[in-house]
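Me: I would like to go through this structure with you, beginning with the ligand site. Could you take my questions one at a time?

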Amino acid sequence: MTQYDFRSDTVTQPTEAMRRAMAQAEVGDDVYGDDPTVNALEEQAAELAGFEAALFTASGTQANLLALMAHCERGDEYLCGQQAHNYKFEGGGAAVLGSIQPQPIDNEPDGSLCLDRLAKAIKPDDIHFARTRLLSLENTIGGQVLPLEYLAQAQAFAFERGLKLHLDGARVFNAAVAQNVPLATIAQHFDSLTICLSKGLAAPVGSLLVGDEALINKARRWRKVLGGGMRQAGVLAAAGQLALTEQVERLAEDHDNARYLAEQLSGLKQVSVERVATNMVFAQCHHPDLKALNTHLLADGCKVSLGQATRLVLHKDLPRTGVDALVASLHAFEQGGAQ
Ligand SMILES: *Cc1c(COP(=O)(O)O)cnc(C)c1O
């Protein structure tokens, strides 16, 4: 049975070209800095983003943690959104492992953080308070793209207040493709950013942290401390190189398919689309028996994380036939329920 997996773009399988490149990759001990493929990937990423240096990491969570630990010291704090992945979904790593306090504020409906509210959250220089050091944004966030003017405003805001500015750019290439700009146009507003290779870009493993030389050296040290120093990691980096070349433009198909899915869903009575943004569709599912619906969808080969608010994610391994299969299955379920 064909499986159409709408749960996340993390489920993407590496391409044939990636598997070949992995098998043939020239490798060395990356902890000694000797892996030519890892070095090439790091140079490629730094250049694409317009930065001095980059670091290959095991995951996006690790890359964000390294950014926070490289920007902040023990007793410092970072400003972020309540919905930020690096606050809400990373096990409290900054606090647990970095002794860094998060200061979250509510995200605006478009995913941005209100600069006036951020200003009020910055602590005065006083021994009672943690030292506010860093502002962390996320782009895309819930699929939504932060406008370039907002990034410029956030950069000016951070500069005036002596804060560093980090971007959790797990899906930053979705933003770049949606805005039809090169990565560097987004990256130029930040002191560091992370990029996930293993989501829509389809590499099996890995993320990157990009920054200046000093920041990346510090992060490289913490990566070793956290057990993230890998040896012949070029086997993984080889897939990452193709993620950054062959997979970026293709993301536009996912965005088209998301819009197509949203249109098709509008013909259903029990589903209401709340938002379509880049490769994601958010919908409310009004059917009373979500468990029965889940079983029905699975029988038709569709995997969906069903809930009151359901997120449907488009990706390389979800062609339009998958969208059609899901919509047909939902229609059949509605009709079955009405009998
Ligand atoms: C997936 C994701 C991460 C973490 O990446 P992992 O590789 O799963 O650890 C970080 N930030 C955002 C916004 C993400 O979507």
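Predicted model: local features only at pLDDT ≥ 70, side-chain atom pairs only at ≥ 80, totals over all residues.

Me: Understood. Which helix gives the largest share of the shell around the ligand?

Reply: That is helix H3, which spans residues 60–71 and supplies three residues of the shell.

Me: And which residues are around the ligand?

Reply: The residues around the ligand are Ser59, Gly60, Thr61, Asn64, His85, Glu90, Glu138, Asp168, Ala170, Arg171, Cys196 and Lys199.

Me: How many of the shell residues are nonpolar, polar and charged?

Reply: The shell has five charged residues, five polar ones and two nonpolar ones.

Me: What about the backbone of Gly60?

Reply: A polar backbone atom of Gly60 is 2.8 Å from an oxygen atom of the ligand. As for cover, the ligand taken alone exposes 380 Å², and the protein buries 83% of that.

Me: What kind of space does the ligand take?

Reply: The ligand takes the space of the largest pocket.

Me: Back to His85 from the shell. Where does His85 lie?

Reply: His85 lies in helix H4, which covers residues 85–88. Its relative accessible area is 27%, so His85 counts as partly exposed, given that this class runs between 20% and 50%.

Me: Is Thr12 buried or exposed?

Reply: Thr12 is buried, because its relative accessible area is 6% and the cut-off for buried is under 20%. Thr12 is placed in the loop between strand S1 (4–5) and helix H1 (16–24).

Me: Changing topic to backbone geometry. Where is there a cis peptide bond?

Reply: The peptide bond from Asn139 to Thr140 is cis, with omega near 0°. Thr140 is in the loop that runs between strand S5 (131–138) and helix H7 (148–160).

Me: Why single that out?

Reply: Because most peptide bonds are trans, and most residues other than glycine have a negative phi.

Me: On phi, then, what values do Ser99 and Ala202 have?

Reply: Ser99 has a positive phi, near 50°. Ala202 also has a positive phi, near 75°. Neither residue is a glycine.

Me: Where do they sit, and are they buried or exposed?

Reply: Ser99 is in the loop between helix H5 (93–98) and strand S4 (101–105), and its relative accessibility of 36% makes it partly exposed. Ala202 occupies the loop between strand S7 (192–196) and strand S8 (207–211). Ala202 is buried, with a relative accessible area of 0%.

Me: You mentioned strand S4. Where is Gln103?

Reply: Gln103 is in strand S4 and is partly exposed, with a relative accessible area of 21%. The C-alpha atoms of Gln103 and Gln188 are separated by 24 Å, the two residues being 85 apart along the chain.

Me: Last topic: what about Asn257 and Val271?

Reply: Asn257 belongs to helix H12 (residues 251–265) and counts as buried at 9% relative accessibility. Its C-alpha atom is 30 Å from that of Thr57, 200 residues away along the chain. Val271 lies in strand S9 (residues 271–277); with a relative accessible area of 10%, Val271 is buried. Val271 and Val96 are 175 residues apart in sequence and 40 Å apart in space, C-alpha to C-alpha.

Notes:
Residues numbered from 1 in each chain as written. Heavy atoms only, no water. Near = heavy atom within 4 Å. Polar contact = N/O pair within 3.5 Å; in protein donor to acceptor, adjacent residues only side chain to side chain. Areas by Shrake-Rupley, 256 points an atom, 1.4 Å probe, with all protein chains shown as cover. 1 Å grid on protein atoms, 1.4 Å probe; cavity = no way out; pocket = protein on both sides within 12 Å on 5 of 7 lines; lining within 4 Å. Sits in = over half its atoms within 2 Å of the grid points. Helix = DSSP H or I, 4+ residues; strand = E, 2+ residues; numbered from the N terminus. Nonpolar A, V, L, I, M, F, W, Y, C, P; charged D, E, K, R; others polar. Buried < 20%, exposed > 50% of the residue type's maximum accessible area, 1.4 Å probe, protein only.
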